[in-house]
Amino acid sequence: DMTEEQRRVYQASLLRLRPQVEGLLGGRNRIEVLAAITELRQICGHPSLVLEDYAASSGKLDLLLDILPGALEAGHRALIFSQFTRMLRILQRRLEAAGVECLYLDGETPPKRRMEMVDQFNGGAGQVFLISLKAGGSGLNLVGADTVIHFDPWWNPAAEDQATDRAHRMGQKNTVNVIRLITRGTIEEQVVKLGERKREMFDQM
C-alpha cells in the first residue's frame, strides 16, 4: 500500500494525466501516453522521482526496508532490479545508511568494471547488488545471490526472466527466491496483468 503522502501525489497526477491520456489515445501519440504512464509508475516507486521537493517516504520502499534486513541477517544475498536508475540511487543511499553493503551497476558502468563487480560479488563482497533492468538483462552470472527482488514490474516478462536468470545460473547451489513488489490499487497492477497476458501468449507460441 502507498503511504498517505504518496497516495495524494499519485491521485493528483492521475487526475491531471487522465484527460491528457484519453485525448492522446485517440490520436495514437504513443510517446506522450508512455510518458504519462511512466510518471505514474515512478510515483509508485517513490514520488521524489517526479517531485524534487518530496520529503516523505513510499510504501514500497518502507516494505523493502522492513523485509530485507531480516533476510540479510539470515545470510541471504540479494539482487535488486529497477528500470529507474534514480530509484536505484535512492535505494543505495537508504540501504547504506542502514549499514547494508551495496554494489551498483547501470548502463553507464564500463564493461571491465561490470565484470570486476560480478567477480567481487560472487566472491562474497557486498550484501546487495543494485542493477538497472536494462543493464542486467544479459551477460552477468551472479550466483552469489539467492534472492532476486524486482522493485518495479515490467510488462515484458522476458526482460524480467532474463534479469532473474542472473542468479539462477549454472553453478547456483541454493534455491533462488524471487520477490516482485507491486503497489496496490495503481497502474502497476495493470502492468502485471499485461505481462501475464504476454506470458500466456509466449507459452502458447
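Which residues does leucine 130 touch, not counting residues up to four places away in sequence? The list runs to Ile80, Leu88, Leu91, Gln92, Leu95, Cys102, Leu103, Tyr104 and Leu105, with contact taken as heavy atoms within 4.5 Å. The model is a predicted one, so local features need pLDDT of at least 70 and side-chain atom pairs count only at pLDDT 80 or more, while totals for chains, interfaces and linings use all residues. Residues are numbered from 1 along each chain as its sequence is written, and side-chain values use heavy atoms, with hydrogens and water left out.

Leu130 also turns up in the largest nonpolar core, where Leu64, Leu68, Ile80, Leu91, Leu95, Val128 and Leu130 touch the most other members out of 21 residues. Such a core is a set of buried Ala, Val, Leu, Ile, Met, Phe, Trp, Tyr and Cys residues joined through side-chain atoms within 4.5 Å; buried means under 20% relative accessible area, exposed over 50%, and partly exposed in between (1.4 Å probe, protein chains only). At least two residues of this core come from each of helix H3 (59-73), strand E1 (78-82), helix H4 (85-97), strand E2 (102-105) and strand E3 (128-132). Helices (H or I, at least four residues) and strands (E, at least two) are DSSP runs, numbered from the N terminus. H4 gives the most, with five residues. Another core, of 19 residues, lies apart from it and includes Phe81, Leu103, Ala163 and Val176.

As for charges, the structure holds six salt bridges, each a side-chain nitrogen of Lys or Arg within 4 Å of a carboxyl oxygen of Asp or Glu. One of them joins arginine 16 to glutamate 39 (2.3 Å, N to O), and this pair links helix H1 (residues 4-27) with helix H2 across 23 residues. Arginine 16 is partly exposed at 47% relative accessibility, whereas glutamate 39 is buried at 15%. Lysine 60 and glutamate 188 pair up too, with their closest N and O atoms 2.7 Å apart, and both are buried. Arginine 113 and glutamate 116 form another bridge at 3.4 Å; they sit about one helical turn from each other because they are three residues apart in helix H5 (residues 111-122).

Arginine 41, in helix H2 (residues 30-45), is buried yet has no salt bridge, and the nearest side chain of opposite charge, aspartate 152, is 4.5 Å away. Here Lys and Arg count as positive and Asp and Glu as negative, with His and the chain ends not counted. Among the residues that arginine 41 touches are Asp152, Trp154 and Glu188.
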